[in-house]
Amino acid sequence: MMIQELKELGILPTNLGSSTGQNWFATGEDITSNSPVDAQAIATVTCSSHDDYNQICAQAQQAYATWRLVPAPQRGEVIRLFGEKLRALKPALGKLVSYEMGKSLQEGMGEVQEMIDICDFAVGLSRQLYGSTIHSERPSHRMYDQYHPLGIVGIISAFNFPVAVWAWNTALALICGDVVIWKPSEKTPLCAIACQRILADVLKHKDLPEGISNLVIGDKVVGEWMVNDRHIPLISATGSTRMGKIVAQQVAGRLGKTILELGGNNAIIITPDADLNMTTIGAVFGAVGTAGQRCTSTRRLIIHEHVYEQVKASLVKAYAQLKIGDPLLPENHVGPLIDKMAVEHYLDALSEIEKQGGKLIVAGGVLTGKGFESGCYVKPAIAEVENHYEIVQKETFAPILYLIKYKGDVLDAIAIQNDVKQGLSSAIMTNNLREAELFLSAQGSDCGIANVNIGTSGAEIGGAFGGEKDTGGGRESGSDAWKAYMRRQTNTINYSTELPLAQGITFNL
Ligand code: UN1
């Protein structure tokens, strides 16, 4: 029913199985998108073949030649119109995200809101792609630096944020004068087709080449074509650390650039000075929101021994109230995992926890029966563990929350928080100024995101998004993340009649 509505709105093509989408050449194999909500096959989608990919690439290159000459504020106008369209289509697109990916409807809408927000941000930015002016050491010389577009930006995105992460990259890349080729997760192809068509409509309305925004659907082979393609100077990839390491090495092999947004193992430190009511809400949403499938999901709570029992009791109570079920129904807090493979990983992690010495205090399990036919609905679990357990060191993309007790002061808690390979998001719950400032200082959290008195997930688009260590080091979205989408050029202009050399060198002929 919803798919019909999307077809009527023109967001999805009437015949999904064919290659009729705008700038979406697809003559390869068919894949079926199954909803984890009710196990229904939503639609069959055609992937791009290697020939299709080459055609898309040629089209993107051609479009770039035009697009880079459009003044940045006019490029911003295109993104403004895109944002307007997204505002109008938010309910429909939000529903599709929820149905195809399985996150709650509110979170599906929230994801579309992130798209709208980044569009607004990019519109403003399109008049602020500032370089610096520099005082030259030579008389009658002027220096400055300026930013030019890079060319084609390749975006590889994951299933868990099937629309927002593309939008962060695309909105910035486009106002910077780049064009994009997008490989979405093959688990959420309909969300990608919908986004592509919304933007394609805006480009058409403005009489701009469709190759400014391109879509290639397929599995990791398509990703490999992009990663090894010297026509793509920047690859922005979101996914596992394992995938990121392969992408990083291959792109570095051709001296291309990457923005990598990989795994997290995010913790909240809860000190004796924490407001415990706030803490419970932040921790529970962080752990079970999107069924624990955000890069920023809260995986570990590092709790001071003095408040440990109290925090534990309030979490157990809160978990008992969680409603698991159809994410499109507003009363449910937790939807399904993306697919049965994810359920397997969740179950493996639960058994590993016990094998490695952990204790499940809120048991997990797969839900069965009416409403749970997809086999993807699982119970959020809580386990008492030690930080060094192998399973705790790993990012399991599922709603499993680890409780870790700490003694001593906040530096002891920070040491535990930093003692994992990943470095995406982190938080501290405290009303103690010294603790908060230490956590944010150079000897504090080693993550790309460090919060005080809020959880680890749900970052606003205005800040740069990304993390350190195994998270990959890239930054997307707000602040000055746009600079990664452009090439910097230093210019020195001599308006004198002499040719003085720098560093005082004299060179007489
Ligand atoms: C991701 O999980 O890849 O901070 C992105 C958040 C969201 C984005 C998460 N704004 O939780």
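**Ligand shell.** I sorted the residues around the ligand in this predicted model by class: four are nonpolar, five polar and two charged (Ala, Val, Leu, Ile, Met, Phe, Trp, Tyr, Cys and Pro count as nonpolar, Asp, Glu, Lys and Arg as charged, and the others, Gly among them, as polar). Among them I noted Glu114, Asn160, Thr238, Arg294 and Ser457; a residue belongs here if its C-beta atom, placed from the backbone, lies within 6 Å of the molecule.

**Ground rules.** I number residues from 1 along each chain as its sequence is written. The model is predicted, with local features needing pLDDT of at least 70 and side-chain atom pairs counting only at pLDDT 80 or more, while totals for chains, interfaces and linings use all residues.

**Domains.** I looked up domain 1 (2-262 + 472-489) and domain 2 (266-460), whose bounds come from an automatic or database domain assignment. Both give residues to the ligand shell, so the ligand lies between them.

**Helix 3 and helix 6.** Next I checked how helix 3 (residues 72-101) packs on helix 6 (residues 189-205): the angle is about 165° and the axes are 10 Å apart. That makes the two roughly antiparallel, a label for angles over 145 degrees. Helices here are DSSP runs (H or I, at least four residues), numbered from the N terminus; axes are lines fitted to C-alpha atoms over the stretch in contact, and angles run from 0 to 180 degrees between N-to-C directions.

Technical notes: Angles under 35 degrees count as roughly parallel, over 145 as roughly antiparallel, 65 to 115 as roughly perpendicular and the rest as oblique.
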